[in-house]
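Subject: Structure for your review

Dear colleague,

Please find below the structure that I am handing over to you. My notes on it follow directly after.

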Amino acid sequence: MPFLQSSVLLGYHLYKKPLPSGKLSQCTFTQLAGWFTSNSTDILGMTGVPRDAMMRIARELFTQLPTPSTYKALPKTVLPLLERWSRPRLLNLPKLYGKLYLHYRNIQCKVCRQIPSDPALCLICGELVCVKSSCCTWLNKGECTKHAQKCGAGTAIYLVIMSSTVVILRGERIYLWGSVYLDQHDEEDIDLRRGKPLYLSETRYECLNQQWIAHSFDHTLKRWGWHQQLF
C-alpha cells in the first residue's frame, strides 16, 4: 500500500491527473489501483512507448502481484517489515570477551568448512574468516582480503579472536586499531598473554563505530601498513 500510494502521488505530479477523492492514506487498494486504470490511456500516450508493448508489460507484471484476498497470506519475508530505518552500526558484542571467545573458537569457516586456527570476526556483517591461512587463499589473496572486497568494497573491520585485536583492512593497507575489550584496569591484553577477564569498552567500541560510519579512517588513523593481500 505505501508503494501504491507513492506511485499515485508521483503520477499526479508527472501527468497532472486528479487524485482519488479523500486522503491517499485512507484510500483502499481498489481505489488506488482504479486510479491507474482510469488514467492508463492518457498516461501511456505521454510516455512515447508503443501502447501494445506497455500493455503486455503491464499484464505480465499484474499476474505477479498479489490480490487483496491473498495479500494477508504472503510470507512475512515478502511484506514490508521495517517502518523505521535506523543508522547502520557494527555488530552488538557481548560484554564478556570470554563468552565471545568460547563461541567463535569452534565455529567453522564457510569457505574451507574447517575450524580456523586463527579466526577473525567481521564486525560489519558477522562472518567468521580465516586469518593468514593457506586453506582459503586463492590467487595470492587471503580470505580477509577477499571478504573485505565483498563486504565493504575493500574495507573491513575484523576482531581477531585469538588476540582480541581489532584489525582494519582498507584496500591493500592494514591498521592495528587496538582492542575494544579491556580488563578491570582499562588495559588491553593483546594476544591474551595475561589471561585476565576482559570486558567490552563501550567508549572504544562507539569510537570505532563512529569512525566507520563517518568514513574517517584515512583522516584519523595514520600508521598504516601493507598486508600484500596475504591477510
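**Surroundings of D189**

A polar atom of the D189 side chain lies 3.2 Å from the backbone nitrogen of G195. Please bear in mind that this is a predicted model. D189 belongs to the loop that links strand 6 (181-182) and strand 7 (199-200). Beyond its neighbours within four places in sequence, D189 is in contact with S163, S164, R194, G195, K196 and L198.

**Salt bridges**

R194 does form a salt bridge with D183, with the closest N and O atoms 3.2 Å apart. Both R194 and D183 lie in the loop between strand 6 and strand 7, so the pair ties together parts that are 11 residues apart in sequence. D183 is buried, at a relative accessible area of 6%, whereas R194 is partly exposed at 38%.

R193 and D191 also meet through their side chains in a salt bridge, at 3.4 Å from N to O. R193 is exposed, with a relative accessible area of 70%, while D191 counts as partly exposed at 38%.

The whole structure contains 7 salt bridges. One of them pairs E127 with K150, the closest N and O atoms being 3.9 Å apart. E127 is in the loop between strand 1 and strand 2 (128-130) and K150 is in helix 5 (residues 143-152), so this pair connects parts that are 23 residues apart in sequence. E127 is buried, with a relative accessible area of 15%, but K150 is exposed, at 60%.

Strand 3 (residues 155-160) is largely enclosed by the rest of the structure, because 6 of its 6 residues are buried. In a regular strand, side chains alternate between the two faces of the sheet. Here T155, I157 and L159 point one way, and A156, Y158 and V160 point the other way.

Strand 3 pairs with strand 1 (residues 119-122) in the antiparallel sense over 3 bridges, and L121 stands opposite L159. Strand 3 and strand 4 (residues 165-170) also run antiparallel, joined by 6 bridges; there, Y158 has V167 as its bridge partner. The hairpin of strand 3 and strand 4 has 4 residues between the strands, and S164 takes a positive phi near 65 degrees in it. S164 is also among the residues in contact with D189.

Yours sincerely

Terms used. Residues are numbered from 1 along each chain as its sequence is written. This is a predicted model: local features need pLDDT of at least 70, side-chain atom pairs count only at pLDDT 80 or more; totals for chains, interfaces and linings use all residues. Side-chain values use heavy atoms; hydrogens and water are left out. Buried means under 20% relative accessible area, exposed over 50%, partly exposed in between (1.4 Å probe, protein chains only). Helices (H or I, at least four residues) and strands (E, at least two) are DSSP runs, numbered from the N terminus. Two strands pair if DSSP finds at least two bridges between them. A polar contact is a pair of N or O atoms within 3.5 Å; within protein, one must be able to donate a hydrogen and the other to accept it, and residues adjacent in sequence count only if both atoms are side-chain atoms. Contact means heavy atoms within 4.5 Å. A salt bridge is a side-chain nitrogen of Lys or Arg within 4 Å of a carboxyl oxygen of Asp or Glu.
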